[in-house]
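I opened my notebook for another chain today. Here is what I looked up, in the order in which I went.

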Amino acid sequence: RKASTDLPGSILPFVWDGTSVPEGVMEGADAVVNLAGESIGNGRWTRRKKARIIGSREGTTRAIVGAIAAARSRPAVLLNGSAVGYYGDVPSGEVLEDSPRGAGFLSETVEQWETEAVKARELGLRVVVMRMGVVLAPAGGILSRMTLPFRLFVGGPIGSGAQWISWIH
C-alpha cells in the first residue's frame with residue numbers, strides 16, 4: 001500500500017493473493033515487473049517452507065503469464081525477478097549468464113521460476129530474467145542480520161574470508 005503513494009502515477013501496484021491476477025489489470029500495461037517471492041532468509045527450510053518458496057515464484061509467475069495471455073492489449077515486456085542461486089555453489093572463477101545451472105534446491109527452484117517466465121515469449125513479449133544477488137541495504141535484506149554479531153562483539157570472518165558474494169543495493 002505504501003508503494004501507491006511513492007510511485008509515479010503511471011505505475012499501478014496492486015495487492016493480490018499470488019494465485020489469481022485481478023481481471024483486467026494487464027490491459028494496456030506497457031510492462032510487468034514481477035519481484036514476488038517468499039523470503040529464503042527467514043526461518044528454517046522445512047518441507048512447507050520450501051513449498052512456499054517454490055509456489056511463490058513458480059505459481060505466481062504462472063498466474064502472471066496467464067493473465068498476460070488473457071489480456072486483449074498485452075504489455076511489451078515482462079521483467080521477472082530471479083536469483084544467482086541458479087548457479088549453485090561456485091567456490092571460485094567467473095560466473096556468466098550462460099554458465100550452467102548448479103545443483104540443489106535453489107538452483108532447481110530458479111530453473112522452474114525462469115521456465116514459467118520465458119513462456120511469455122510465446123505471447124510475443126520480451127522477457128528479461130533478472131538474476132539478482134542478496135540485498136545489502138541499511139533497512140533490510142541480509143545486512144541487518146550480518147551486522148548483529150558485530151554489534152555484540154562476536155563478529156568476524158567466516159571461513160577464509162575470501163568467499164565471493166553477488167549483491168545488489
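**Entry 1: Phe153.** I began with its exposure: Phe153 is exposed, at a relative accessible area of 78% (buried is under 20%, exposed over 50%, and partly exposed in between, with a 1.4 Å probe and protein chains only). I placed Phe153 in the loop between α4 (143-151) and β6. Its phi is positive, about 65 degrees, although Phe153 is not a glycine. For context, most residues other than glycine have a negative phi.

**Entry 2: ground rules.** This is a predicted model, so I noted that local features need pLDDT of at least 70 and side-chain atom pairs count only at pLDDT 80 or more, while totals for chains, interfaces and linings use all residues. Residues are numbered from 1 along each chain as its sequence is written, and side-chain values use heavy atoms, with hydrogens and water left out.

**Entry 3: the whole chain.** I found 4 helices and 6 strands; these are DSSP runs numbered from the N terminus, helices being H or I of at least four residues and strands E of at least two. Along the sequence the pattern reads α-β-α-β-α-β-β-β-α-β. The C-alpha trace spans about 55 × 40 × 30 Å along its principal axes. Of the 169 residues, 26% count as buried. The chain exposes about 11400 Å², with carbon and sulfur atoms supplying 57% of it (Shrake-Rupley areas with a 1.4 Å probe; for residues, only the protein chains shown count as cover). I also checked contacts, meaning heavy atoms within 4.5 Å. Among contacts with a separation of 6 or more, residues 24 or more positions apart account for 68%.

**Entry 4: the sheet.** In what order do the 3 strands of the open sheet stand? I read β5-β4-β6, with mixed pairing. β5 and β6 are at the edges with a single partner strand each, so one side of each has no neighbour in the sheet. Two strands pair if DSSP finds at least two bridges between them. β4 (residues 134-137) runs parallel to β6 (residues 167-168) over 2 bridges, and Val135 has Ile168 as its bridge partner in β6. β4 and β5 (residues 140-141) are antiparallel, also joined by 2 bridges; here Ala137 is partnered with Gly140. β4 and β5 make a hairpin with 2 residues between them.

**Entry 5: a surface patch.** I then looked at Trp167, which lies in β6. Together with Val134 and Ile165, Trp167 forms a nonpolar surface patch of about 290 Å² accessible area. Patch residues have over 30% relative accessible area and no salt bridge; nonpolar side chains (Val, Leu, Ile, Met, Phe, Trp, Tyr) are joined within 5 Å, like charges within 9 Å. A salt bridge is a side-chain nitrogen of Lys or Arg within 4 Å of a carboxyl oxygen of Asp or Glu.

**Entry 6: the core.** The largest nonpolar core has 15 residues, of which Val21, Met26, Val32, Ile64, Ile68, Leu78 and Ala120 touch the most other members. Helix α2 (residues 47-70) gives the most to this core, with 5 residues. A nonpolar core is a set of buried Ala, Val, Leu, Ile, Met, Phe, Trp, Tyr and Cys residues joined through side-chain atoms within 4.5 Å. Leaving out residues up to four places away in sequence, Ile64 touches Trp16, Val21, Met26, Val32, Asn34 and Leu78.

**Entry 7: Thr115.** My last stop was Thr115 in helix α3 (residues 105-118). Thr115 is partly exposed, at 39% relative accessibility. Its C-alpha is separated by 9.4 Å from that of Arg62, 53 residues apart along the chain.
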